Amino acid sequence: MHHRAANLGTETAFSVLARAAALADQGRNVINLGIGQPDFPTPEHIVEAGIKALRDGQHGYTPSKGIPALRQAVAESLHQSYQAEINPDHVQILPGGKVVMFFATQLLGEPGVEIIYPDPGFPIYASSIGFSGAKGIPYTLSEAKGFALNADDILSKINDRTRLIIINSPANPTGGVTPREEIEKLVRGLEAHPHVYLMSDEIYDKLVFDPAEMTSCLSFPEIRDRLIILNGWSKTYAMTGWRLGYGIWPESLIDIADRLAVNDHSCVNAAAQYAALAALTGPQDCVEDMRHAFQRRAKLIHQGLNDLDGVSCAAPLGAFYAFCNITGTGKPSSFWQNTLLEDHGVAVISGTSFGQMGEGYLRFSCANSDAAICEALARFQLALSQQ
Ligand SMILES: Cc1ncc(COP(=O)(O)O)c(C=O)c1O
């Protein structure tokens with residue numbers, strides 16, 4: 001085995017999901033607040049478009065970068081959202097947004113190179129950086145700053161070896177949203193470091209509770225020649241299982257990213273691409289409805305957690321997670337992840353799954369019904385009282 005394979009980490013959410021399912025199979029009542037996927041079905045008109053594509057005979061390979069109409073629709077939707085001018089040739093349709101981070105880290109990372117990433121953050125950043133052979137340099141997202149990134153802190157970590165910076169707003173696992181001034185400061189600061197690429201993971205861009213607070217890096221044309229955007233359909237349209245995502249690549253990387261796709265998966269499932277096209281070009285009220293539901297539940301979880309002894313929670317501003325501080329309980333995160341799941345049937349994720357700075361925190365997903373959330377909070381209260 002390649003020695004760098006030992007650097008591969010994982011996403012604990014998948015093992016917690018498996019354990020929760022195993023407990024449920026044994027007849028236990030398990031509330032799942034662990035998984036990072038919408039609990040809604042994919043909207044009907046999108047499902048119908050996928051079925052229609054299959055009935056219409058869309059059974060073959062598509063162009064490796066994706067069907068032209070879909071790449072065009074992605075460019076148009078981003079123009080509508082952020083007034084960004086995007087050449088559809090720079091849009092790459094991929095089997096999941098996750099593939100963008102894997103491609104970006106493998107194309108830019110190598111031994112001797114440094115890649116700067118958020119901690120706590122999506123665990124696959126650190127994992128795929130390690131696999132590339134590059135050195136991961138974490139930057140801390142702190143509760144005191146609402147888990148927004150701090151541009152000066154990131155800029156201070158840049159040196160000659162830095163090749164890529166990864167940012168994510170709205171953020172998993174914290175629900176933090178970074179204000180425009182801070183992203184602007186980062187972009188301005190990068191002018192002094194032309195050798196550094198920026199990958200902005202904007203997979204939750206349509207799940208900002210105050211949409212006016214969303215800042216896409218696409219709104220800064222000056223960085224476009226070294227900007228990689230990660231986005232997709234999983235969260236916005238409740239399509240995690242379809243495996244669909246897209247990257248917007250700069251001129252310098254699009255051809256090699258396409259070559260990597262040809263080597264890796266040839267193209268994305270054709271019917272799924274037609275469903276994705278219907279998602280972007282059809283009615284958007286389904287997105288609004290889901291955003292409102294997540295916002296309501298985030299408020300419920302946020303208030304409920306703050307009412308518990310030894311627990312506090314910063315207000316989530318986007319995505320569908322609450323990242324609560326449990327240091328007041330005197331027990332580490334892993335203890336609560338295990339106790340809540342094994343003894344109380346509540347699946348949540350230990351903050352340490354998202355990096356060292358996640359110690360002292362638990363991630364609660366809002367992707368469950370109001371009733372399930374209230375029951376989970378009651379069980380957490382019981383668990384606390386038994387300590
Ligand atoms: C921050 C972040 N980026 C990317 C992804 C990947 O999404 P997908 O590959 O399902 O499109 C996720 C999924 O959980 C995520 O939370």
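## Starting at N368

N368 sits in the loop that runs between strand 13 (361–365) and helix 12. Helices here are DSSP runs of H or I with at least four residues, strands are runs of E with at least two, and both are numbered from the N terminus. This is a predicted model, so keep that in mind: local features need pLDDT of at least 70, side-chain atom pairs count only at pLDDT 80 or more, and totals for chains, interfaces and linings use all residues. Residues are numbered from 1 along each chain as its sequence is written, and side-chain values use heavy atoms, with hydrogens and water left out.

Is N368 buried or exposed? With 17% relative accessibility, N368 counts as buried. (Buried means under 20% relative accessible area, exposed means over 50%, and partly exposed is in between, using a 1.4 Å probe and protein chains only.) Setting aside neighbours within four places in sequence, N368 is in contact with I31, N32, L33, D39, R297 and I373; contact means heavy atoms within 4.5 Å. Look at L33 in that list: N368 and L33 are 335 residues apart along the chain, but their C-alpha atoms are separated by 6.8 Å.

## The whole chain

Now zoom out. The protein chain has 12 helices and 13 strands. Its radius of gyration is 20 Å, close to the 21 Å that the globule rule gives for 387 residues, so the chain is as compact as a globular protein of that length. (The radius is taken over C-alpha atoms, and the rule is 2.2 Å times the number of residues to the power 0.38.) Along its principal axes, the C-alpha trace spans about 60 × 55 × 50 Å.

Of the 387 residues in the protein chain, 57% are buried. If you take the contacts with a separation of 6 or more, 75% of them come from residues 24 or more positions apart.

## Helix 11 meets helix 12

Two packed helices are described by the angle between their axes and the distance between the axes. For helix 11 (residues 333–344) and helix 12 (residues 370–385), the axes come within 11 Å and cross at roughly 110°. That makes helix 11 roughly perpendicular to helix 12. The axes are lines fitted to C-alpha atoms, for helices over the stretch in contact, and angles run from 0 to 180 degrees between N-to-C directions. Angles under 35 degrees count as roughly parallel, over 145 as roughly antiparallel, 65 to 115 as roughly perpendicular, and the rest as oblique.

Which residues of the two helices make the contact? Helix 11 brings W336, L340 and H344, while helix 12 brings R379, F380, L382, A383 and L384. By class, that contact has six nonpolar, one polar and one charged residues. (Ala, Val, Leu, Ile, Met, Phe, Trp, Tyr, Cys and Pro count as nonpolar, Asp, Glu, Lys and Arg as charged, and the others, Gly among them, as polar.) Elsewhere in helix 12 you'll find A371, which counts as exposed at 57% relative accessibility.

Q92 lies in strand 2 (residues 91–94) and, at 0% relative accessibility, counts as buried. Not counting residues up to four places away in sequence, Q92 touches a list of residues that includes K65, F103, Y246, W249 and D258.

V262 belongs to helix 8 (residues 251–264) and is partly exposed, with a relative accessible area of 48%. V262 and S64 are 198 residues apart in sequence, yet 6.2 Å apart in space, C-alpha to C-alpha.

## Backbone details in the loops

One joins D119 and P120, with omega about 0°, and P120 is in the loop between strand 3 (114–119) and helix 5 (123–132). Another joins S169 and P170, with omega about -5°; P170 is in the loop between strand 5 (162–168) and helix 7 (180–190).

Then check phi. F147 has a positive phi near 65° although F147 is a residue other than glycine. F147 is in the loop between strand 4 (135–140) and helix 6 (151–156), and counts as buried at 3% relative accessibility. R243, also not a glycine, has a positive phi of about 55°. R243 is in the loop between strand 7 (227–232) and strand 8 (245–248), and counts as partly exposed at 35% relative accessibility.
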